[in-house]
Structure formats: structure tokens, C-alpha cells
Amino acid sequence: RGHTALSIRGGIALLIWCVLIVLIILPIHYAFILLGQGVVFQLVMLALLMAPFSALFWLRKLPKKRGEGLYRPLALAANASLIGVDEEGVNRIAVSEAMHSLLTRLALPLVGFLVGGLYLAVFLSGLAVMVRLSLGGGHGMAFTRLPRLLIAPFAVAGNVMLLPPMVLAGFLTPGTRFKGVFALPQGVGLMVKDHFPAFLSAHILGFVLGGPVAGRNGERVSEGWLGPKSGTAKLQKQDVARAAYYMALCVIMLLGSLFLVLSWTPEALTDYIPAAAPLPDPILVPDPDAPPAEGGLPPLAPAAPAE
């Protein structure tokens, strides 16, 4: 089919996603509001949307255990086939996908929640999944043309949010290259995509990430190489462990800073708690027992409550 027809189909899929949000999440949220647990529902949903810990699971287990039980979730998340890929290639794909998830599974839901609340966070998470499935160009890129346009400004905000914790985590991770921070101007064009976290982490850790992989159906998916010229794409077990340590620091720093910000502004999480109605002004009537004031008029006093 032509690219225009695929773009229209992508818009229809996006509309269906919006309808599902209204039909499923909105009634459940309203039920929790009636129970007085609206804030709890928001926090639980936000925690489910922010799932970078699954990527940490791959990186933590990969140097110790390999097999179908570990490769399958990695292949599904990376939208790639790992058949025939050597150990170093699997390590590179795992680290690349883990760094991508810092934006798609952590920063984007946070940006959506802070800007437009829970529903925007859910909407952006769905957009991120659609865009991630369009790797390789061609028909996939045409299908997700509208989602990519909608997600671009939020991706920039998410990458800006990730920048400080990623740089600080680099100073606390052993064996990092501090001069990798100076590669930031080269990655400005990647700010609108989910490639920026992989680009920056590759320069800081001294890796070369990205590169061509095989799609789920065996087709060649071309992604650009990300990293310094002196870096290595042949990642060993110790490199994967170092990437897991670096990513854990990024997650802890970002969530910790967000917690500190919200602790100073707790109203950010109480949008759905109705405020108490203000008390009405008391009704003033003449007080016959009080001495007359200037002008011969009795002073006014609050009326007694009705029995």
C-alpha cells in the first residue's frame, strides 16, 4: 500500500488507542475517585507505565544466565530477531534497548504526567510503543508518521529531563569517559527521537551502540551507529554489568529528583481531590440588648443558628 494510505491507517490506530483509554482507564479511574483513592490509582498507573526495571533485569541477568527465557523478552522489546547473533551482538542489542527505554519507559510517562496528567502519560506510552515498532523505515515509518509528529516535542522534553542524571551518573560509574559529555552538540539532532539516551551513554561509557539488526521477520533493520570512534561494539560481560550499574544510577537520580520536587508541591498529585467548600459569611441582624451606637442605631451581631 502507498505511504498515504498507511499514514491514514496509523491515524486510525491512534484514534482507536484514544477510544480505549476513554472506555477502559477512565471508568476505572472514576471508580477509584468515588472510593476516595484517585491519587493512589494515578500513582499505581504511573508506576506501571514507568517500566525501565525490565531492562535492568536483562542487563543484570545477561552476564550470568543466557537462554530462551532471557532472550525472548529482549527480542520482543527490541523488536528484533536474535537467531544467529553472537554473544557480543546480543550484549550490544541489550544495552542499546536498555538505554532507549530510559526515554520511552521512564522520561516520556513522567513528562506526560507532569504536563497533562495521567491520561497524557498513558497516551504517550502508547505512542512510544507504536514508534518503537516502526524501526527500519519503509512501511513502518509511513504507518507511524502521525505518532512521530505528536511525540516529538515530548521526546525533546524527556531527553532534556534525562540529561542531568545521565551526566551525573557518568561521574559515579567506574571506567567512564568524562570527555564523552563534550559530544552533546553532535546529538542535538537526536533530541526528537529515542536515540539520544543511547547516544549519550555510548559516549560516556565508551561503547558503540545501535547498528543494523534483524527484524522479527528476518528483514534487515538499519539503525545508525552511536558512540565514539574509539569505542567498541564488541561488548563483554563486564561491559554489560557496567551499563546496568550506570542505568540504575540514572533511574535512581531521576526518580529521586522527581520525588523531591513533588514533596515541595504536593498539590501536583491532588488534582482530583475536591476542595472543601468555603464557609458562607455570617448573617448580621440588629442586637436589641446592646447599647445604641452613634446615631441611635443598634449594633449588628451574627444571627443565632436555626434550630
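In helix 1, residues H3, S7, G11 and L14 meet R145, L146 and L150 of helix 8, a contact being heavy atoms within 4.5 Å. The residues of this contact comprise three nonpolar, three polar and one charged; Ala, Val, Leu, Ile, Met, Phe, Trp, Tyr, Cys and Pro count as nonpolar, Asp, Glu, Lys and Arg as charged, and the others, Gly among them, as polar. The model is predicted, so that local features need pLDDT of at least 70 and side-chain atom pairs count only at pLDDT 80 or more, while totals for chains, interfaces and linings use all residues. Residues are numbered from 1 along each chain as its sequence is written, and side-chain values use heavy atoms, with hydrogens and water left out.

Helix 1 (residues 3–34) packs on helix 8 (residues 145–172) at an angle of about 60°, the axes lying 7 Å apart. Helix 1 is therefore oblique to helix 8, since angles under 35 degrees count as roughly parallel, over 145 as roughly antiparallel, 65 to 115 as roughly perpendicular and the rest as oblique.

The protein contains 10 helices and seven strands, which are DSSP runs (helices H or I, at least four residues; strands E, at least two) numbered from the N terminus. Three strands form an open antiparallel sheet in the order 1-3-4, where pairing requires at least two DSSP bridges. Strand 1 (80–81) and strand 4 (220–221) are its edges, each pairing on one side only. Strand 3 (residues 213–215) pairs with strand 4 over two bridges, and V213 stands opposite V221 in strand 4.

Of the 307 residues, 42% are buried, meaning under 20% relative accessible area with a 1.4 Å probe, protein chains only.

How values were computed. Buried < 20%, exposed > 50% of the residue type's maximum accessible area, 1.4 Å probe, protein only. Axes fitted to C-alpha atoms, helices over the stretch in contact; angles between N-to-C directions.
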